[in-house]
Amino acid sequence: MIIYNVTTNIHESVHDQWMIWMQHKHIPEMIATGKFISARLVRVLVEEEMGGVTYSAQYTTDSKETLEKYYQENAGNFQVEGQKLFGEKMLIFRTELQVISEH
């Protein structure tokens, strides 16, 4: 099991718009690609010196191969859309996590 983790710091001025977009458009569209089993959106409980609010969107997939297919077939369009809507008011970094065990 692989978790595709997208950490986003979103500026307060577009926070509410971003939150609606994430919950009602972006996350459902990510699931609709058929490459992710589930998704969750969590708030990162740190105060950033640069301001903004930080969130982690965690998308679970069955394998690294499936995640690679997502990168090849879907990622570009999603990244362009987010950049177009929020531009410099959104700072993102992505991490791939391998699940070792769940208890």
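I looked up the contacts of Gln-98 first, leaving aside neighbours within four places in sequence: Gln-98 touches Met-1 and Ile-2. Contact here means heavy atoms within 4.5 Å. The model is predicted, so I note that local features need pLDDT of at least 70, side-chain atom pairs count only at pLDDT 80 or more, and totals for chains, interfaces and linings use all residues. Residues are numbered from 1 along each chain as its sequence is written, and side-chain values use heavy atoms, with hydrogens and water left out.

I then placed Gln-98 in strand β4 (residues 90-98). Strands (E, at least two residues) and helices (H or I, at least four) are DSSP runs, numbered from the N terminus.

Is Gln-98 buried or exposed? Gln-98 counts as exposed, because its relative accessibility is 60%. The cut-offs are under 20% relative accessible area for buried, over 50% for exposed, and partly exposed in between (1.4 Å probe, protein chains only).

Next I turned to aromatic rings. Rings of Phe, Tyr and Trp (its six-membered ring) pair if their centres lie within 6.5 Å; planes under 30 degrees apart are stacked, over 60 edge-to-face, the rest tilted. I found 10 aromatic pairs by this rule. Tyr-4 and Phe-36 are stacked, at 6.2 Å centre to centre and 15 degrees between the planes. Tyr-4 sits in strand β1 (residues 2-10), and Phe-36 in the loop between α1 (15-32) and β2 (38-43). Both residues are buried.

Tyr-4 also pairs with Tyr-71: the planes stand at 80 degrees, so this pair is edge-to-face. Tyr-71 lies in helix α2 (residues 64-86).
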